[in-house]
Structure formats: structure tokens, C-alpha cells
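I'll talk about pockets and then the core.

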Amino acid sequence: MADTENPVDKNEEEEGTELELEALYRRYCVRLKHALFVSALCVTLLFTLMLLCAVCILHADELPQQVRSLSTLSVIVFILSIVLAMALLPAAPEWEALALSGSVLVTACLGAGTLMATHHAPLPLFALILMVHTMMPIARSIALAMSAALTIAYMGLALGLGPHNAENKFHLQLCCELALLMSASGIGLYYRALTERAHRNTFAGTRTCLEQRVKLECEREQQERLLLSVIPAYIAAEVSEIPMQSFGTK
């Protein structure tokens, strides 16, 4: 009866170990994505502050005409600062609701500010979609939905504010911009897949090294117990020191 229960217990232990390792791998990925998200927030906040200062300096004589730009940049700086402060909390990496809400909030405010530029929006939107796919701690499906929402919003705005004359050239330009934004999603998904595979391989390699080290330690302890069971302790200590000395001389 005991012989039949041992394989079952062993399988349960292996399944429990695999679940623990999978949970550890998920925490490892969450930490990496959180670090990327914080880096993206810092860089974006820095460039937004620089842009705000540039607008104030370059348009110092006509600041009343730049109220819209200044207010938009100020709101973006305020939102980014709040999200960054929340992301720097000690428990932030394990807080999935904060990661999702922060990512959506940052994408919404940056997308709205970028869409206000209208004709100059495609390149900033390209960078924003790449950031959504590669640097935000959200699931792939949510990243796809957010990038699709940004693309559709720009297409609708461009069609609504497009010129009434030279429609052929405008539609051709719009198709090129749509291809550009869709390529941003494709590049982001490809980079994300490669990154996840690299993280999985790194984790698996580290796990293999640790398992081999533990196995060697167990074998060494078994050899020491075997020596102690056959010969006295002081002789076993001398015998175990001889290979180490010869290895050091080599």
C-alpha cells in the first residue's frame, strides 16, 4: 500500500514545486515590467517638462495665445507625477490594479495630448504605441486594445478635420499613417514576444544551475556521511581535505 502511495505523493510534490516556480517566474516578470514602467514614466515626465519650459521660453511674448498648450502640458505633468509617485511605493509592483489604472491613465493623457497636435500626431503616437506594448505592465490583450483605440481615435480625428480638396492625396497620406501606426503594434508585439522568451530562458537557466548546485551539495553530504560511518571523523576530515589541496595546486 505504501509503495502505491509513494508515486502519487512524489507527483504531488513535483506539481507543487512547478506551481511555486511558476509563481516565482511571474513575480520576476512583474518586477521587470514595473522597472520598465518607472523608467518610461521618468523619461516621459522629463521630456514633458522640457517641452513645457520650451513653450514658455519660445513664446514668452505671446503666452495668452498658448494657454491651451500650456494647460495641456501642465495636466500631463501633473498626472505623470501622481502615477510616478504611486509607482514608487514599496508595494506597487505587486498591486495589479495600480499597474492597470496607471497604464490606462498615462496612455489616455498622453494620447489626448498627442491627438491635439492632429497633423503632427503620427510619430508621437508611434512612440506611444511602442511604449504601451513594451514598457507598460499590462496584459497583451489590453495593450492591443489600447493601441487600437489610439489608432482609431487618430483616424477618426484626421477624417473629421481633413481637407475637403485634394482628397486623393489626403487618403493616400492617411493610409500611410495607418500603416505606420499598425507597424508600431507589430513591432511592439514582436519585441514583447522575444523579450518574454528571453526572460523564460534566463529563468530556466538559473533554475537549472541552482538545481545542479543543490544536487552537488546533497551528493557531497552523502559522501561525508558515508565516510563518517566507515572511518573516524578526524581521518575523514583529512581525506576530504586532500582533493581540495591537490585541486588548488593544479
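So, what volume does the largest pocket have? About 800 Å³. Quick caveats: this is a predicted model, where local features need pLDDT of at least 70, side-chain atom pairs count only at pLDDT 80 or more, and totals for chains, interfaces and linings use all residues. Residues are numbered from 1 along each chain as its sequence is written, and side-chain values use heavy atoms, with hydrogens and water left out.

A pocket here is an open set of points on a 1 Å grid over the protein atoms alone, where a 1.4 Å probe fits, with protein on both sides within 12 Å along at least five of seven lines; lining residues have an atom within 4 Å of a point. Volume is the space filled by probe spheres set on the points, joined across faces, edges and corners.

Of the 25 lining residues in the largest pocket, L51, L73, L110, T114 and P124 are the closest to its centre. α1 gives the most to that lining, seven residues. Helices, by the way, are DSSP runs of H or I, at least four residues, numbered from the N terminus.

The protein has seven of those helices and zero strands.

Now the core, meaning buried Ala, Val, Leu, Ile, Met, Phe, Trp, Tyr and Cys joined through side-chain atoms within 4.5 Å; buried is under 20% relative accessible area with a 1.4 Å probe, protein chains only. The largest one has 35 residues, and L110 is among those with the most contacts inside it. α2 gives the most here, with seven residues.

Definitions and conventions: Helix = DSSP H or I, 4+ residues; strand = E, 2+ residues; numbered from the N terminus. Buried < 20%, exposed > 50% of the residue type's maximum accessible area, 1.4 Å probe, protein only.
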